[in-house]
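Hi,

Here is the structure I promised to pass on.

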Amino acid sequence: MNDPNWWQQAIFYQIYPRSFQDSNGDGVGDLDGIRRRLDYLCWLGIDAIWISPIFPSPMADFGYDISDYCNIHPLFGDLSAFDALLAEAHQRGLKLILDFVPNHTSSEHPWFRESRSSRDSPKRDWYIWRDSAPGAGPPNNWVSNFGGSAWEWDEEAGQYYYHAFLKEQPDLNWRNPKVRAAMYDVLRFWLKRGVDGFRVDVIWHLMKDEQFRDNPANPGYQPGDPAIRRLLQLYSTDQPEVHQLIAEMRAVVDEFPSRVLIGEIYLPIERLVTYYGDDLRGTHLPFNFQLIEAAWQARNLARIISEYEAALPRGGWPNWVLGNHDKPRIASRVGREQARVAAMLLLTLRGTPTMYYGDEIGLEDVPIAPDEAQDPWEKNEPGLGVGRDPQRTPMQWDASPGAGFSTAKPWLPLSSDFGLRNVAVLAEDPQSILSLYRRLIALRARPLFRLGSYSPMDAEGDLLIYGREHEGERAIIALNLGSNPIHVHLPMEAPNHIALSTHLDRDEKVSGTFLLRANEGVVLL
């Protein structure tokens, strides 16, 4: 992990801080709680933790509406608590990545308060203000990601301001060099403090069309879809000028040795890979969400993997993500049995994997009653199933009341089976999904899996097979994505030792043909 390119061999683990560990009995997770669980993360075997926003915020969007970029929200602790967490993480050999949210601030941020105070304010151009369209109404047809118009009329200012998300999250004007300088100083503040890098929120949103042209209609829109799908985001996101901004951001990160820049980007593969930048001077890792969005079919997965590998720029390092705080959990998407197969896929593919807290215990989406909903998107567009609360519920540590997460009522409910689906119980079960994750993570420590090449082999019916190779060592991974057994035919001279099965009950040599059971994946060495 002292290698400047440590992030190529690391396993990242996302922590949603409200839901990981409460240390002070208020029902909400915090920094001291994360610090208390560092030994667990080392036991699990991960290398780097990424923490979702912990900065001062009115919490309109649970921390993604920041009112001070250089401090800690009291809900999570303070700067001394952060420093203690960072120091103890580093003592254990763990890297720590922060969430950087540069597209928008809170409407309570001093910058925005000053910006809206007067058309003559020195910070007026720090945000995106526009006059009404001819004949009144919003300047264009852009839609908020959380429903409704992306333009909010400000009576005092006499203009509209743009917000890609909530009206409490006004977008910054990244065409203004003063905004850029201020935000780069935010990066330096945390880099000087010792953080190992940043995951940059909605990085493809940073630059908007200079002419503010209307977005075209989406021909794929269906009644019942979220409002954001009504239009193609042709002019409101992914503008060519964004790559210059990212190159500047990368240059700031490169002022400090051995740091990493990761970008959140929901785009097709051919657009995603442009965020590596010219000569790889963009993000080190543009987050690849293809597995989150994919239909769980062998041929489809094989196609996605091959297309991604082929699209990578020369020297570009791949990465894979199974879940995050915005999408339904993998165990809910593909089922409990296939969640084990998915774990093997994630941790044996070429490139950097990112895990989402709780996936290692098979945590599923937790049903949230309407009166318990917290997510503003769910409240803005009720009944569409867009709420993100189900995948943000507390980590389940043991069978005690509060699941070891808190001594108070948790801010979101626990799963009904938390007495059985928790770290304490699963750690004692040698065939649990948690034991599988530990075995896979230990296996991934081999250079073969951290650095080796990838080669597609077969994708037929429910069977997906691929190979890994490094300095003469070979592995074959065979995954059964279905509920019926499959006979697998091995090529001559192929690796023939089943070193690991997702069922955790095989350690045997096979030859010629062997049976892959329902919902089983194996690694052959």
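Some ground rules first. This is a predicted model, so keep in mind that local features need pLDDT of at least 70 and side-chain atom pairs count only at pLDDT 80 or more, while totals for chains, interfaces and linings use all residues. Residues are numbered from 1 along each chain as its sequence is written, and side-chain values use heavy atoms, with hydrogens and water left out.

**The parallel sheet**

Eight strands make an open sheet with parallel pairing, in the order β9-β8-β7-β3-β2-β1-β11-β10. (Strands are DSSP runs of E with at least two residues, helices are runs of H or I with at least four, and both are numbered from the N terminus; two strands pair if DSSP finds at least two bridges between them.) At the edges sit β9 (285–286) and β10 (319–321), each pairing on one side only.

On one side, four bridges join β2 to β1 (residues 12–15), and the two run parallel; here Y13 stands opposite I49. Strand β2 also pairs in the parallel sense with β3 (residues 95–100), again over four bridges. In that pairing A48 stands opposite K95, and I51 has L98 as its bridge partner.

In a regular strand the side chains alternate between the two faces of the sheet. Strand β2 has A48 and W50 pointing one way and I49 and I51 the other way, and all are buried. Buried means under 20% relative accessible area, exposed over 50%, and partly exposed in between, with a 1.4 Å probe and protein chains only.

**The antiparallel sheet**

The other sheet to look at is also open, with six antiparallel strands in the order β12-β13-β14-β19-β16-β17. Its edges are β12 (453–460) and β17 (508–509), each with a single partner strand, so one side of each is left without a neighbour in the sheet. Strand β17 pairs with β16 (residues 497–501) in the antiparallel sense over two bridges, and one detail to find there is H497, whose bridge partner is K509.

**Helix α4**

In α4 (residues 110–117), the buried residues are W111, F112 and S115. Seen down the helix axis they fall within an arc of 90°, so they line one face of α4. (The arc is that of the directions from the helix axis to the C-beta atoms.) Their cover includes β4 (129–130), β6 (159–162) and α5 (177–193), where contact means heavy atoms within 4.5 Å.

**Pockets and cavities**

The search used a 1 Å grid over the protein atoms alone: a cavity is a set of points where a 1.4 Å probe fits but cannot get out, a pocket is an open set with protein on both sides within 12 Å along at least five of seven lines, and lining residues have an atom within 4 Å of a point. Grid points are joined across faces, edges and corners, and a volume is the space filled by probe spheres set on the points.

The largest pocket has a volume of about 1300 Å³. It is lined by 44 residues, with N145, W204, I228, Y266 and K327 nearest its centre. That lining divides into 21 nonpolar, 12 polar and 11 charged residues. (Ala, Val, Leu, Ile, Met, Phe, Trp, Tyr, Cys and Pro count as nonpolar, Asp, Glu, Lys and Arg as charged, and the others, Gly among them, as polar.)

The second largest pocket holds about 190 Å³. Its lining has 15 residues, and D125, I128, N173, R175 and F212 are the closest to its centre. By class, that makes seven nonpolar, one polar and seven charged.

Two cavities of 30 Å³ or more came out of the whole structure. The largest cavity, at about 40 Å³, is lined by F55, Y69, D99, F100, V101, V186, W190 and F198.

Is S483 buried or exposed? At 56% relative accessibility, it counts as exposed. Leaving out residues up to four places away in sequence, S483 touches A518 and N519.

Cheers
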